[in-house]
Amino acid sequence: MWEALEQTPWVKTLGSTGWMYAVVAVTHYLMMFWFIGSVAVVDLRVMGLAARKRGVGELAQTLFPWAWTGFTLAMVSGFLMFATDAGDWAPSRGFHIKLTMILLSVVFAVIVQRGATRWGQTPEIPTSAKLIALISLLLWIATILSASEIPSLEGLG
């Protein structure tokens with residue numbers, strides 16, 4: 001199945017045209033950092049470590065639409081990169097770990113996004129909210145580190 005995806009004409013063209021693949025790769029990394037950076041700023045604000053003059057809810061409402069736009073573009077570009085070598089990536093245990101890490105990180109980003117307005121209306125941000133934001137931030141850091149090591153550990157990419 002995955003080899004069939006690799007053999008579709010548009011995927012073969014993408015994979016064999018250096019500048020096209022480079023544009024997709026740069027888009028993928030830029031959008032992931034755009035997304036993770038936006039989420040990280042909100043996480044740090046919830047923890048009281050950044051943007052202290054901004055309300056938590058206000059900051060989340062400002063950044064999360066941009067964050068999810070970046071996430072969507074990162075997922076599309078990530079799929080395009082995956083498609084060019086899907087037969088090798090699909091069975092990779094490291095790749096599955098990366099996808100699991102992304103899923104866990106997204107779940108915590110959604111929890112922070114949903115809680116930010118409520119937490120911002122309290123006199124003091126609850127310790128549980130700060131812990132959730134810390135876990136979110138640490139998951140994204142672990143996701144970035146694991147994703148950057150997978151190609152070398154698996155001999156892929």
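The side chains of Thr143 and Ser105 are joined by a polar contact of 3.0 Å (a pair of N or O atoms within 3.5 Å; within protein, one must be able to donate a hydrogen and the other to accept it, and residues adjacent in sequence count only if both atoms are side-chain atoms). The model is predicted, so local features need pLDDT of at least 70 and side-chain atom pairs pLDDT 80 or more, while totals for chains, interfaces and linings use all residues. Residues are numbered from 1 along each chain as its sequence is written, and side-chain values use heavy atoms, without hydrogens or water.

**Thr143**
- Thr143 lies in helix 7 (helices are DSSP runs of H or I, at least four residues, numbered from the N terminus).
- Thr143 is buried because its relative accessible area is 3% (buried means under 20%, exposed over 50%, partly exposed in between, with a 1.4 Å probe and protein chains only).
- Apart from neighbours within four places in sequence, Thr143 is in contact with Met101, Ile102 and Ser105 (heavy atoms within 4.5 Å).

**Nonpolar surface patch**
- Leu131, Leu134, Ile135, Leu138, Ile141 and Leu145 make a nonpolar surface patch of about 510 Å² (residues with over 30% relative accessible area and no salt bridge, nonpolar side chains being joined within 5 Å; areas come from the Shrake-Rupley method with a 1.4 Å probe).
- Leu138 is placed in helix 7, residues 127-154, and counts as partly exposed because its relative accessibility is 49%.

**Salt bridge**
- The structure holds one salt bridge (a side-chain nitrogen of Lys or Arg within 4 Å of a carboxyl oxygen of Asp or Glu).
- Arg54 and Glu58 form a salt bridge, with their closest N and O atoms 3.1 Å apart.
- Glu58 is partly exposed at 44% relative accessible area, and Arg54 is partly exposed at 32%.

Terms used
Patch = residues over 30% accessible without salt bridge, like charges linked within 9 Å, V, L, I, M, F, W, Y side chains within 5 Å. Helix = DSSP H or I, 4+ residues; strand = E, 2+ residues; numbered from the N terminus.
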